[in-house]
Amino acid sequence: MGFLEAIVSDIGSLAVPALFNVYFAVASIPVGFVLAVLLALARHSRRPVLSRFAAVYIYAFRGSPLFIQLFMVYSLMLSLNLSLWRPWGVDGFVLHPLFLGPLVLTLNTTAYTAEIIFGALRTVPQGELDAARAYGMSPWRQFRSVIWPNTIRVAWPAYTNEVVFLFQATALVYFALPVVDQQRDLMSKATDLFYRDFNVFAHYAVAAGYFLVISWLIFVGCGAVNRRLNAHVAPQRRVALRYAPKYLR
Amino acid sequence: MPDWLTNIVGSDVAAWLDYVTNGRHLQWYASFGYTIGAALLGGAVALVLGLTAAALRRSRFLPVRLASAGYANIVRGVPDVLFFLFFPLAFEQALEWIVATGACSVEERAASSALWPPCRDANIFFSTTQYFLLASVTLGIVYGAFASSVIHGATAAVPRAQLEAARAFGMSERQVLWRVQIRQMWIYALPGLSNVWMLLVKSTSLLSLLQINDIVMWADRLGAPNFQSRAGPIHPDWRWRYYLVLLVFYIALTWLSERFFRWLRRRAGRGMIAAEA
Amino acid sequence: MVAPVLEVIDLHKRHGALEVLKGVSFTAAPGEVVALIGSSGAGKSTLLRCINMLDVPDQGTVIVDGEAISMGGPPGHRHPDDPAQLRRIRSEIAMVFQSFNLWSHMTVLRNVMEAPLHVQKRPRAEVEAQARALLDKVGLADKADSWPAQLSGGQQQRAAIARALCINPKVMLFDEPTSALDPELEGEVLRVIKLLADEGRTMILVTHDMRLAADVADRVIFLHQGAIEESGPVAEVFANPRSARLRQFLAAGGRPTGTDLASAADEGVAQA
């Protein structure tokens, strides 16, 4: 089989595995985003208990490798199997990679995203906040009307990087978690194919191509959002979005 | 465990000390050296590659510039784990292919039923040290791409007025580059390089995927349910405890790295950035 | 005598060791325009920000239209203790800031409509009609859908004044409304402020600009080092200042240097 044929056949056989990576990302990013906003607000809070808890969480999850986090959570869940999951009859679900993967990815992206949002929260112009307070806005109203729109605009480029990074991090899931019923993601499938014919260049190149293309699509989508968020900003002060995955993490 | 120590700490603690100092644990502790060594070596390679690629990106020749930019963007655009698996395998196959051109006759190739290597003589087995070096270089290649972007950006961040001032005093372009631009570049590059280093440190957790008996592999072995034929079960599944130790290790490493980079930045930025509290 | 619409009683405020306000009291009658003047650091802006509790006074009372802002906490460390009441009172006091502080992510029209809609909870149709009318009044009818960043400083400040007017305020607070503007843009803002004064709005105006004070104010309060040094009807105070410090301040064009003030203090000519 020639190299080109191998590539074409790999594009076909890696299409379904790519959906697993997409699934892991889609299942963890929205939840992680909501949790991250709450965590960032806790970190920004004036209450020392909340702020300290958030800081420790963020530091622990940003300071340790996702790979170890995956192992750690999986083995912890396994050790609770006999006492909790099996008696409750949920072991098949709780220990399934399609549940555990997004769980750990969510815990992980929550920390990184919270750090990004926390940084952006601190850039909200004090004058605009003063105006919101002076006109009698409640704390929630201040958040809705002034704090959030400013925060999300500043945070968006870094968050775009985080989304791309998280998508790429989904490649790690099946190195730590067991493969069930031939459900494989890009990396797992590419490695599987490699051990059949040792054609390292075709399989990994196609897998890399999938990652590049999907990362690029994410980037284009986020770029469109970024233009909307910056519509009101004078051109010279706009936050530019450049394709630079992972650089900021 | 010596008796005098047992008398001091009591038998329970002594049993624990006994457990955590047994031979397999000592091997585990030793494997932390691999991790740190690979990080340092990989970091050095990354820095050299990063500087080189950044310099090539300013080359006068378009193909050189494109190659440098391609290296930075492609490596960064795919997951690090993909490259970790790909590069050592590709390197090994390339070596085997070169060896095969000399070692394998046409008959041998035809007779070989395996898809790879071409013939048995061309099969290469790396030693532990070679795998370690290969892994470190792989780390260096991946994060060299990141470092090159950081350095490229930092070089551009040096204020043009500084360079003009140097030219005004008659420095040659080479002098301007080395005496002013690169000196000042470090201050702009350090935060980014610190980020890259943190990524690199964390990705050393992937060493086990590169055939190295690293801390992760040992944690998995030591934590697995443990039986001895005479003594019966020693412990049930303790893996999460061992992984917890690794988590703490990495957090501590991050913390130390942060302090180091803060110190470095203060030193490098003397006179240029206000002292931080 | 009519009941005052704003009453400030014995405000004290310190920032660390620095005593910014040392017991300031004054009132403003309905329709009255009060100008607060004094050198930088005299406490004018702090006093203004204490009226709507953007800065919380350590001691003292603020009464708006007969209702005191409820304060709790031990004496010397008091703070507003009824958030709902404070929000309601704040929505009756409009503030115009030195640096405009328009919400940069909202169009001009939305800036004007935001507080009436979401704080006062008035019907959208009514608010929009009023907002457009007010923008017309300050000369920005064609800028309703622009972003703040697309406007000049003078236009931004006029938009901020429209925003202030749209809450139908009982009192308007102006914090140096023209000092962030280029001289050629001051005029358009000054005209709007003058228009409002002529309409009979109650305004407290912190300013460096003695011309503006003389033009629009009914009464002038001269603050010096956190206390009221002199106050009275504008014609009287400007024509015939009693305290040496005010004389010096006015002679220096209203922007005395620190040394001028220090020498005035050294002479010990302060009057009770």
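Contact here means heavy atoms within 4.5 Å of each other. By that cut-off, chain B and chain C do not touch, and their nearest C-alpha atoms are 21 Å apart. Of the 2 pairs of chains in contact, chains A and B share the most contacts. This is a predicted model, in which local features need pLDDT of at least 70 and side-chain atom pairs count only at pLDDT 80 or more, while totals for chains, interfaces and linings use all residues. Residues are numbered from 1 along each chain as its sequence is written, chains are lettered from A in the order in which they are written, and side-chain values use heavy atoms, with hydrogens and water left out.

Start with chains A and B. Here 36 residues of chain B are in contact with 42 residues of chain A. The two chains bury about 3700 Å² between them, 74% of it on carbon and sulfur atoms. Buried area is the accessible area (1.4 Å probe) that two parts lose on being put together, summed over both. B:Arg76, B:Leu82 and B:Trp240 supply 15% of the area that chain B buries against chain A, more than any other three residues.

Which helix of chain B supplies the largest share of the side that touches chain A? It is α11(B), with 11 residues. Helices (H or I, at least four residues) and strands (E, at least two) are DSSP runs, numbered from the N terminus. By class, this side of chain B has 24 nonpolar, 6 polar and 6 charged residues. Ala, Val, Leu, Ile, Met, Phe, Trp, Tyr, Cys and Pro count as nonpolar, Asp, Glu, Lys and Arg as charged, and the others, Gly among them, as polar.

Now turn to chains A and C. In this pair, 20 residues of chain A are in contact with 27 residues of chain C. They bury about 2100 Å² between them, 58% of it on carbon and sulfur atoms. The count of salt bridges between them is 2. In one, C:Arg49 pairs with A:Asp130, the closest N and O atoms being 3.0 Å apart. α8(A) gives the most to the side of chain A that touches chain C, with 7 residues. That side divides into 10 nonpolar, 6 polar and 4 charged residues.

Chain C itself has 10 helices and 12 strands. Its radius of gyration, taken over C-alpha atoms, is 19 Å, close to the 19 Å that the globule rule gives for 272 residues, so chain C is as compact as a globular protein of that length. The rule is 2.2 Å times the number of residues to the power 0.38. Buried residues (under 20% relative accessible area, 1.4 Å probe, protein chains only) make up 55% of the 272 residues in chain C.

Within chain C, the side chains of C:Glu128 and C:Arg132 meet in a salt bridge (3.2 Å, N to O). Being 4 residues apart in helix α4 (residues 124-137) of chain C, they are separated by about one helical turn.

Key
Buried < 20%, exposed > 50% of the residue type's maximum accessible area, 1.4 Å probe, protein only. Salt bridge = Lys/Arg side-chain N within 4 Å of Asp/Glu carboxyl O.
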